[in-house]
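The exercises below are meant to be worked through with the sequence and the 3D structure open side by side.

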Amino acid sequence: MVAAFPAPAWLVGCGNMAGAMVEGWRAGGIDLSSVTVIRPSGTPVEGVTTVTAYPSGESPRFVMLGFKPQKLDEVVPDLGPRVGPETIVVSMLAGVSAASLRTRFANARAIVRIMPSLPVAQVQGVTAIYSADGNEDQLADVRLLMASLGVIAWCGTEEELSVVGAVAAAGVAYVARFGEALARSGEALGLRPGLARTVAEQTLIGTGAFAAATGTHMSDLARKVASPGGTTEQGLAVLDAADGLQPLVDRTLAAAIRRGQELAEEAARRD
């Protein structure tokens, strides 16, 4: 089956992540003629009809929420009455639970939560998906649309959605920060800034490409690079120390998940 938007489809808000998804759909040849972006600024989104107010006429069959979670209760009074029994609501609002969304969009056909990662723009993303009330037929379009942007991860619980989001969506920032640290260290050791950045970025790109092409597990890849008693092994000893990389990553993901729980609690208090 070919990915296609149920018509009419509305993208309510189009920030960085929603914009990256549109870019990926456009790159993948997905037909966007039935899609309307609604954003107060009216700033055009390339290849998509962009308006500042909700279209009149029939209710949308697909609504994607792509604004900041804190704006939800500003959006609901106007959007809520337009969501009908044929509307699938897809939310990327971090920390806003499916139950909170169902309270606000009681008539929706199904509520779907997603957590995409920024490389969806290059059709190389990971999108976590969770729905408590949508069946396979209802969610077929959502599955195909998200799969057209890269890998999809169906989650059985919202807790699982949060973990996949911390690893994949937020993980893009963490990997980027590690790449930045590699570049800075290279610069401190004498590399020109531009060269240090290029080398660090290509190292990240090449590592991912090698792992994907060969199916090599990351731990095996590290061992493949490290010769016994060599320079790489000495560096890995620092990362593998009791206070090294793994505890740092554990704390990083825990902080991200904790903040998601706080946002969920804040949204629940407004129900």
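**Exercise 1. Describe how helix 6 packs against helix 7, beginning with the handedness of their crossing.**

Solution. Helix 6 passes helix 7 in a right-handed crossing, where a crossing is left-handed if the near helix is turned anticlockwise from the far one by less than a right angle, and right-handed if clockwise. The model is a predicted one, in which local features need pLDDT of at least 70 and side-chain atom pairs count only at pLDDT 80 or more, while totals for chains, interfaces and linings use all residues. Residues are numbered from 1 along each chain as its sequence is written, and side-chain values use heavy atoms, with hydrogens and water left out.

Next, take the geometry: the axes of helix 6 (residues 171-188) and helix 7 come within 8 Å and cross at roughly 140°, the axes being lines fitted to C-alpha atoms, for helices over the stretch in contact, with angles running from 0 to 180 degrees between N-to-C directions. Helix 6 is therefore oblique to helix 7, given that angles under 35 degrees count as roughly parallel, over 145 as roughly antiparallel, 65 to 115 as roughly perpendicular and the rest as oblique. Helices here (H or I, at least four residues) and strands (E, at least two) are DSSP runs, numbered from the N terminus.

Finally, list the residues: from helix 6 come Val175, Gly179, Leu182, Ala183, Gly186 and Glu187, and these meet Pro193, Ala196, Arg197, Ala200 and Leu204 of helix 7, contact meaning heavy atoms within 4.5 Å. Sorted by class, this contact has seven nonpolar, two polar and two charged residues; Ala, Val, Leu, Ile, Met, Phe, Trp, Tyr, Cys and Pro count as nonpolar, Asp, Glu, Lys and Arg as charged, and the others, Gly among them, as polar.

**Exercise 2. At what angle do the axes of helix 7 and helix 8 cross, and how close do they come?**

Solution. The axes of helix 7 (residues 193-214) and helix 8 (residues 218-225) cross at roughly 115° and come within 11 Å. Helix 7 is therefore roughly perpendicular to helix 8. The crossing of this pair is right-handed, and the contact is made by Thr207, Phe210 and Ala211 of helix 7 together with Met218, Leu221 and Lys224 of helix 8. By class, the contact has four nonpolar, one polar and one charged residues.

**Exercise 3. Work out the packing of helix 5 on helix 10.**

Solution. Helix 5 (residues 158-169) and helix 10 (residues 245-269) have axes 9 Å apart and pack at an angle of about 130°, and they are therefore oblique to each other. Helix 5 passes helix 10 in a right-handed crossing, and the residues that make the contact are Ser162, Val163, Ala166 and Val167 of helix 5 with Leu253, Ala256 and Ile257 of helix 10. These divide into six nonpolar, one polar and no charged residues.

**Exercise 4. Which residues of helix 2 are buried, and what covers them?**

Solution. In helix 2 (residues 72-79) the buried residues are Leu72, Val75, Val76 and Leu79, where buried means under 20% relative accessible area, exposed over 50% and partly exposed in between (1.4 Å probe, protein chains only). They cover an arc of only 110° around the axis, which puts them on the same side of helix 2; the arc is that of the directions from the helix axis to the C-beta atoms. An α-helix has 3.6 residues a turn, so residues three or four places apart point the same way. The cover over the buried residues of helix 2 includes strand 1, strand 4 (62-65) and helix 3 (98-104), whereas the face turned away from the buried side carries the exposed residues Glu74 and Pro77.

**Exercise 5. Locate proline 6 and identify what it touches.**

Solution. Proline 6 is found in the segment before strand 1 (9-12), and it counts as buried because its relative accessibility is 6%. Not counting residues up to four places away in sequence, proline 6 touches Ser34, Arg61, Phe62 and Asp141.
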